[in-house]
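Subject: Structure for you to look at

Hello,

Please find the structure below. My notes on it follow.

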Amino acid sequence: MGKHYAVFGSPIAHSLSPRIHAAFAKQIGVDLDYVAIEASLDDFAAALAAFAARGGNGGNVTLPLKEAAFVLCATTSERAHRAGAVNTLIRDGGNWHGDNTDGTGLIRDLTDRHGLDLRARRTLLLGAGGAARGVAPALLDAGIDQLFVVNRTTERADALVDAMGEPGRVHARYLGDVAALGEFDLIINATSAVRGGELPALPRSLVGRRTAAVDLSYGEVAIPFLAWARANGCHNAVDGLGMLVEQAAESFALWHGVRPETDAVFNELSGRNASLVTAD
Ligand code: NAP
């Protein structure tokens, strides 16, 4: 009998994850089903318990549930613990074990697919939610220089910075003070601002000679930030589709013990076939 997987989040109807995991399963020859389950912060615990009762073997967690998932796990990996956020759930006896593959997925996409050398890059991270928490430790491990975290809710930026435990290297700053921060070599939009409103205003002074701009989202939601990046002279403008495929491959490897090949799936979903790419 096949195994059962699901991605939880809200909104989730347009998630590409079921399709990505179906493609990986076909490639490797694993019998599984992978569905999308709509769950808000209020009903996530109940939805996850119901999934476990139906025999669920594993899951992914997306916006806005990654920090809630961390709390619901009996055990977590070291990288999930560092992030305080979980995007991958593994059934372990009667409990959930939590891991976080977002950071590894982002680094793989930026370095292997896009050929970016992240070392010594002065980095601005916009956002301090579950995704920002997942990628911050991996960016530090990848050798970036100073990391500045800017978030609408200052307390969340402070908490992320405290969790990194490197006060000389990781700093929280007010969104309103962003114009005073100087140039960055890497600017990452890890906010969901475009979904519910609009991107915070970003000055051109943030952009230097080799600045790479990365939006963790993709499809229509990524357009405003990437348009800003191109209009303001960023050297690279990368959306989150590659990260999505790479973090999925890392989750797949945790569940099934084999890391699938990702380029074919990325190419199928990428802009060369734009009609397939919808907001996740
Ligand atoms: P989340 O936990 O809900 O956090 C949302 C973040 O966006 C918070 O920092 C929040 O600030 C900020 N924000 C929301 N509305 C805003 C507004 N109007 N103005 C300014 N800031 C605003 O969500 P998440 O899980 O971190 O996801 C964030 C984004 O990353 C989403 O677009 C998601 O699709 C994307 N993502 C992509 C991948 C991938 O594999 N490509 C993986 C993970 C996430 P406050 O703290 O002030 O509320």
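Both Phe8 and Phe51 are buried. Please keep in mind that the model is predicted.

Aromatic residues

Searching the whole structure turns up eight aromatic pairs.

A second case is Arg122, whose charged end sits over the ring of Phe184 at 4.5 Å from the ring centre.

The ligand

There are 25 residues around the ligand, and Ala131, Asn151, Thr153, Arg156 and Arg195 come nearest. A backbone N or O atom of Gly130 is 2.9 Å from a ligand oxygen atom. In the side chain of Arg152, an N or O atom lies 2.8 Å from an oxygen atom of the ligand. At Leu216 the ligand atom is a nitrogen, and a backbone N or O atom of the residue lies 2.8 Å from it. On its own the ligand has 930 Å² of accessible area, and the protein covers 89% of that.

Helix α6

Gly130 is also part of helix α6 (residues 130-141), where 10 of the 12 residues are buried. The buried residues include Gly130, Arg133, Gly134, Pro137 and Leu140. Just after α6, Gly143 has a positive phi of about 95 degrees.

Two loop residues

Is Asn100 buried or exposed? Its relative accessibility is 3%, and Asn100 therefore counts as buried, the cut-off being under 20%. Asn100 sits in the loop between β6 (95-99) and α5 (102-113). Its side chain reaches the backbone nitrogen of Asp102 at 3.0 Å. Beyond residues up to four places away in sequence, Asn100 touches Ser77, Arg79, Ala80, Ala83, Ala85, Val86, Asn87 and Gly134. Gly134 is one of the buried residues of α6.

Leu175, in the loop between β9 (170-174) and β10 (184-189), is partly exposed, with a relative accessible area of 26%. Leaving aside neighbours within four places in sequence, Leu175 is in contact with Val150, Asn151, Arg152 and Pro200. The C-alpha atoms of Leu175 and Arg152 are 6.1 Å apart, although 23 residues separate the two along the chain. Arg152 is the residue whose side chain has an N or O atom 2.8 Å from a ligand oxygen, and Asn151 is among the residues that come nearest to the ligand.

Backbone points

Where are the cis peptide bonds? One joins Ser10 and Pro11, with omega about 0 degrees, and Pro11 lies in the loop between β1 and α1 (17-28). Another joins Leu63 and Pro64, again with omega about 0 degrees; Pro64 is in the loop between β3 (58-61) and α3 (66-72). Ala120 has a positive phi of about 65 degrees although it is not a glycine. Ala120 is found in the loop between α5 and β7 (123-126).

Regards

How values were computed. Residues are numbered from 1 along each chain as its sequence is written. This is a predicted model: local features need pLDDT of at least 70, side-chain atom pairs count only at pLDDT 80 or more; totals for chains, interfaces and linings use all residues. Side-chain values use heavy atoms; hydrogens and water are left out. Rings of Phe, Tyr and Trp (its six-membered ring) pair if their centres lie within 6.5 Å; planes under 30 degrees apart count as stacked, over 60 as edge-to-face and the rest as tilted. Buried means under 20% relative accessible area, exposed over 50%, partly exposed in between (1.4 Å probe, protein chains only). A charge sits over a ring if NZ of Lys or CZ of Arg is within 6 Å of the ring centre and within 35 degrees of the ring normal. A residue is near a molecule or strand if one of its heavy atoms lies within 4 Å of it. A polar contact is a pair of N or O atoms within 3.5 Å; within protein, one must be able to donate a hydrogen and the other to accept it, and residues adjacent in sequence count only if both atoms are side-chain atoms. Accessible areas come from the Shrake-Rupley method with a 1.4 Å probe; for residues, only the protein chains shown count as cover. Helices (H or I, at least four residues) and strands (E, at least two) are DSSP runs, numbered from the N terminus. Contact means heavy atoms within 4.5 Å.
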